[in-house]
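Hello,

Here is the structure you were waiting for. My notes on it follow below.

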2 protein chains.
Amino acid sequence: MAGVDYLADERNKAEFDVDSMKIVWAGSRHTFEVADRISKLVANDPAFRKDDRPMLPRKELFKNTLRKAAYAWKRIIELRLTEEEASKLRFFVDEPAYTDLHWGMFVPALKGQCTDEQQSKWLPLAYKMQIIGCYAQTELGHGSNVQGLETTATFDPQTDEFVIHSPTLTSSKWWPGGLGKASTHAVVYARLITDGKDHGVHGFIVQLRSMEDHKPLPGITVGDIGMKFGNGAYNTMDNGVLTFDHVRIPRDQMMMRVSQVTREGKYKQSDVPRQLVYGTMVYVRQQIVADASCALSKAVCIATRYSAVRRQFGSQNGGPETQVIDYKTQQNRLFPLLASAYAFRFVGEWLKWLYTDVTQRLAANDFSTLPEAHACTAGLKSLTTTATADGIEECRKLCGGHGYLCTSGLPELFAVYVPACTYEGDNVVLLLQVARFLMKTVSQIGSGKQPVGTIAYMGRVEHLLKSRCSVQRAEDWLNPSQVLEAFEARATRMSVSCGQNLSKFSNPEEGFAELSADLVEAAVAHCQLIVVSKFLEKLQQDIPGEGVKQLLQAVCGIYYLSLLHKHQGDFLATSYITPKQAALASDQLRALYSKVRPNAIALVDSFNYTDHFLGSILGCYDGNVYPKLYEAAKKDPLNDTVVPDGYHEYLKPLLKQQLHSAKL
Amino acid sequence: MAGVDYLADERNKAEFDVDSMKIVWAGSRHTFEVADRISKLVANDPAFRKDDRPMLPRKELFKNTLRKAAYAWKRIIELRLTEEEASKLRFFVDEPAYTDLHWGMFVPALKGQCTDEQQSKWLPLAYKMQIIGCYAQTELGHGSNVQGLETTATFDPQTDEFVIHSPTLTSSKWWPGGLGKASTHAVVYARLITDGKDHGVHGFIVQLRSMEDHKPLPGITVGDIGMKFGNGAYNTMDNGVLTFDHVRIPRDQMMMRVSQVTREGKYKQSDVPRQLVYGTMVYVRQQIVADASCALSKAVCIATRYSAVRRQFGSQNGGPETQVIDYKTQQNRLFPLLASAYAFRFVGEWLKWLYTDVTQRLAANDFSTLPEAHACTAGLKSLTTTATADGIEECRKLCGGHGYLCTSGLPELFAVYVPACTYEGDNVVLLLQVARFLMKTVSQIGSGKQPVGTIAYMGRVEHLLKSRCSVQRAEDWLNPSQVLEAFEARATRMSVSCGQNLSKFSNPEEGFAELSADLVEAAVAHCQLIVVSKFLEKLQQDIPGEGVKQLLQAVCGIYYLSLLHKHQGDFLATSYITPKQAALASDQLRALYSKVRPNAIALVDSFNYTDHFLGSILGCYDGNVYPKLYEAAKKDPLNDTVVPDGYHEYLKPLLKQQLHSAKL
């Protein structure tokens with residue numbers, strides 16, 4: 001029946017004000033209102049339909065993406081959308097496209113690395129999309145190690161040009177989004193060579209295609225790198241491959257804000273501090289954390305709603321079966337993910353503040369907090385993206401067999417999300433960077449240098465090394481200061497223990513390599529502490545709305561207690577808690593599941609996602625799942641005919657025992 | 001350069017005889033020889049090419065699968081392959097198809113559930129593929145809970161027929177492979193109703209499509225359920241939806257081996273024991289465990305080879321960068337998966353023996369070991385498929401960005417594998433079944449009933465509850481009896497603790513539901529113990545070949561020590577080991593990584609997979625990865641033209657600021 005809300009009972013159970021929670025989730029009333037308006041605008045426009053994506057062959061899929069991107073830009077102009085609204089519109093269109101790289105990487109690179117003069121030339125073109133740009137850094141043989149890039153940019157003083165060249169196969173640019181088919185220009189990273197001297201990797205603006213007919217310019221070979229994981233997903237993007245055969249560009253297309261090459265071919269640094277690059281890095285990573293929370297919350301919304309719709313077992317006297325969400329095993333897998341979505345939302349909000357703080361300090365030439373901010377954002381990027389990728393797949397499994405259907409939305413959500421674990425720093429490499437920072441902090445203990453920001457707790461190392469958990473009853477695990485100390489003690493002890501083991505090696509680098517698995521675990525402990533502490537800080541704030549704060553307290557409790565249980569080996573091995581206290585934590589966790597259960601649907605409604613944005617039949621708002629699945633199946637191209645293509649050639653001869661004469 | 005082995009250096013490092021290890025992996029020289037011969041036959045036949053799968057639209061993909069299945073059957077007939085060889089051929093063709101269900105479910109169901117008379121009618125047709133059958137059990141609204149199925153089969157004594165009917169939308173058969181487009185017949189599970197009485201779910205043979213033109217018979221609505229996760233992957237399969245509108249079948253198409261309906265409509269049991277169904281279940285699950293080992297070993301083979309090819313960081317004085325496989329963080333993620341592949345191989349081999357044992361006992365009306373065998377196979381199915389699904393994705397991440405390309409083979413391997421976590425029993429539901437068995441065993445302790453088979457250790461419960469780990473040096477963790485006791489003590493203590501907590505509830509079912517998360521963990525501990533103990537038992541056998549047993553000992557050590565580390569919370573919480581002993585286990589684990597490192601490539605070569613079967617450029621035998629990636633990219637349909645379809649309609653108007661007049 002159209003219009004019936006099959007989840008109405010669930011919605012009536014909520015013990016908090018959902019509208020208020022929507023504001024909390026969005027961050028502010030303004031952000032909520034913009035997102036609400038723009039998401040509905042997109043959802044109500046059939047031009048932005050996306051449910052056909054998994055069925056489209058690659059060429060049609062890509063062409064359709066080009067159409068949507070152009071249409072979105074047209075609407076942005078027609079509706080005179082603000083920059084914030086335009087960005088939201090692209091976000092809710094929810095389809096990877098060259099515009100992501102143009103706006104998200106190319107424009108920021110111009111702003112961050114070009115001189116004012118260069119910016120005044122290139123930015124107006126980019127802002128109007130008279131040129132389309134991408135960000136060509138990684139190469140076929142070189143990913144994480146930027147310093148290992150092979151592409152060269154050799155200055156030719158004769159002509160005042162750089163010669164961009166790909167000396168080897170492995171130096172081919174490989175992966176840049178928007179490069180394969182759409183971009184007219186690229187920011188290209190290459191080894192700068194002047195007068196035979198290698199100055200390391202620098203950025204250059206290179207035109208790739210003719211503005212007349214879009215054909216690659218002489219010396220440029222460019223194409224798409226082929227299909228990627230999943231149906232639809234990132235296959236809407238033209239990740240590209242690019243090689244240069246001695247391509248010449250004017251000298252003023254080197255991005256010269258930080259370092260320059262003069263007309264005479266002299267390489268020199270400007271007085272702009274190199275640390276500026278960290279500001280961009282903090283910005284990009286806070287965006288990734290925000291994206292993690294969004295992706296995870298979508299998956300959780302789908303799995304939670306379908307867990308309330310779906311019934312299995314437990315029928316008594318012919319009555320309906322039990323809702324799957326009522327099983328503790330389901331809650332034990334689902335609710336920690338729901339809690340993680342909220343946790344990542346709030347730590348992402350805090351990271352926005354951190355970005356502002358870092359930017360202000362950079363402007364004042366204060367670089368003191370940079371190492372801490374760098375370690376913190378690297379760690380949070382790693383933590384949240386790993387947990388989100390795993391969490392989406394877990395949500396898919398929580399939907400049983402139907403989660404495997406494209407119409408559940410979860411396969412595409414997973415496939416489109418997982419690259420986040422690799423791009424902008426491989427997650428394990430990033431944790432090793434965090435570990436280096438931790439080991440440096442540990443080594444400076446007692447030197448009088450006070451650790452700041454998220455590592456400030458190390459200043460209380462003596463206390464944290466000797467304290468013991470004082471929990472005696474399950475409810476004691478609801479005490480924020482007790483919880484904070486537990487996570488601080490665990491993180492401190494794991495770092496200090498690594499430091500002690502490292503000191504046994506005569507060669508510190510060798511020790512770091514040998515102990516890297518332990519170091520990664522110490523880094524994870526530190527990062528989890530940050531997320532827990534930011535969630536607890538959020539709860540110290542005034543949060544309006546009936547029952548909202550109480551629910552968030554329960555959600556926060558689920559977040560840290562499920563972490564504590566999952567990593568109880570750490571807490572026990574560092575002897576901060578006893579097995580008995582670990583068991584009490586599990587008791588409290590179960591109690592919180594019961595508290596959250598009647599609010600589960602309302603907690604995911606608070607994300608305020610449209611059915612279009614969610615893109616999932618299993619997660620549809622009204623819960624009317626089965627008729628929709630049935631109707632959607634009919635649309636598969638394989639159902640165009642009752643008797644399939646290939647019956648006459650391949651099935652009939654087999655059934656009729658006539659294969660010997662069949663042409664196969 | 002063609003013909004160069006880029007991994008030759010790695011192969012020369014091996015400290016064991018690879019040919020002997022290949023025999024160990026295959027299980028016997030005979031099995032190795034058959035697999036080697038048939039896999040090469042498939043690999044060398046271009047008709048079985050599969051690298052184009054990710055790019056094919058659904059209809060072409062499916063048609064191509066019909067072609068391959070027919071061609072495979074033709075070759076099986078032409079070459080007069082034995083049943084073993086034919087089955088291997090289908091295995092190495094490596095493409096989900098209706099034939100999987102025909103041979104793997106339909107034929108076994110006929111054999112297991114039909115009377116001799118019924119078998120003599122239907123089996124010859126099925127063996128010659130004059131009919132194609134599938135297995136129609138699950139429904140749109142009913143998966144795990146078979147007893148909840150809604151389809152009805154009502155006996156009509158007037159006509160001596162059953163009327164098969166779908167009373168609701170949720171009763172539509174949904175998921176059966178081969179049903180959507182290919183099958184002519186199905187084994188349909190439906191509630192048997194005679195004279196108004198519901199006798200529960202029984203199986204019926206129902207013809208679905210005309211043998212003349214393949215059109216659905218009257219009253220039957222059938223089609224494909226649409227796209228599933230991944231490129232290629234399971235989209236070669238026509239998982240189907242099927243509804244019945246009062247479809248009539250003769251009474252003798254009820255499968256009557258175990259229970260019957262007489263001409264008069266009387267329902268009665270035969271004297272064939274119902275427990276026979278468990279024999280089939282053990283068979284199917286041992287096959288799933290074998291498949292897990294195969295899928296995981298493919299992923300591990302790809303990730304291991306590419307980790308030896310790929311270099312990142314660590315370049316000194318302009319020399320080559322470090323092979324990724326030399327990083328301890330890489331080893332710490334990869335080698336436990338390599339070890340798991342071997343562990344699952346050996347426990348799968350043991351399960352084959354268990355199946356034989358169970359079959360013999362059933363034939364002798366000995367049902368005493370059935371509960372244990374059932375719990376054991378349920379648990380091992382759950383454990384190995386979960387670990388394999390997670391392991392494939394981890395291997396993908398271990399390949400960095402390139403693992404995200406379809407040409408890496410890993411996306412398809414993951415997508416095609418993950419349903420194993422859900423089908424034939426959802427993995428969490430299965431663990432709860434194991435937990436029930438454990439709780440029953442615990443409750444019978446002291447009753448004089450001796451636990452048998454894989455649960456026999458519970459007979460030593462008193463000792464296991466009070467013993468303490470005696471490890472003093474890292475090497476002590478190489479002592480098999482010490483390791484076995486550690487896993488036994490952990491499993492026992494977790495089960496006993498659950499039993500104690502359960503006894504606090506007045507309603508045992510309520511307690512079981514409330515504590516189900518803990519119970520699942522206890523079940524995992526029990527299952528891990530089984531895998532560890534079977535690996536250790538394997539090493540007690542005579543294993544020929546230079547260095548083979550030594551390497552397997554190191555691999556086994558990595559398996560159990562990485563488990564011990566991952567679950568150290570269990571071992572510490574149950575107070576069997578101390579934090580110091582846990583740290584010693586990690587030290588020993590690192591030492592084993594160093595032992596295995598030079599043998600890593602040889603250990604994956606021992607799987608003897610052809611490049612065709614592996615289906616991965618990153619995992620290709622000769623390691624010549626980059627030129628192959630480059631060439632493969634060119635084949636993407638998007639590269640058919642340099643300027644993409646859609647440029648003129650959507651890109652040019654945008655770049656030329658003419659969107660206002662563009663038709664989008």
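Chain B and chain A bury about 11,300 Å² between them, and 64% of that is on carbon and sulfur atoms. Buried area here is the accessible area (1.4 Å probe) that two parts lose on being put together, summed over both. Three residues, B:Phe229, B:Tyr404 and B:Leu638, supply 7% of the area that chain B buries against chain A, more than any other three.

Some ground rules. This is a predicted model, in which local features need pLDDT of at least 70, side-chain atom pairs count only at pLDDT 80 or more, and totals for chains, interfaces and linings use all residues. Residues are numbered from 1 along each chain as its sequence is written, chains are lettered from A and ligands numbered from 1 in the order written, and side-chain values use heavy atoms, with hydrogens and water left out.

On confidence: chain A averages a pLDDT of 96, and 100% of its residues score at least 70. pLDDT is the predictor's confidence in each residue, from 0 to 100. The model scores ipTM 0.97 and pTM 0.97.

Back to the interface. The contact (heavy atoms within 4.5 Å) takes 128 residues from chain B and 128 residues from chain A. There are 14 salt bridges between the chains. A salt bridge means a side-chain nitrogen of Lys or Arg within 4 Å of a carboxyl oxygen of Asp or Glu. One of them joins B:Asp640 to A:Lys59, at 3.0 Å from N to O.

Now the symmetry. A rotation of 180° with 0.0 Å of shift along its axis superposes chain B on chain A, with RMSD 0.0 Å. That is the relation of a two-fold axis. Within chain B, B:Gly569 comes closest to the rotation axis, at 1.7 Å (C-alpha). Of the interface residues of chain B, 100% are also interface residues in chain A, so the copies meet through the same surface.

Best wishes

Definitions and conventions
Least-squares fit on C-alpha atoms with pLDDT ≥ 70 in both.
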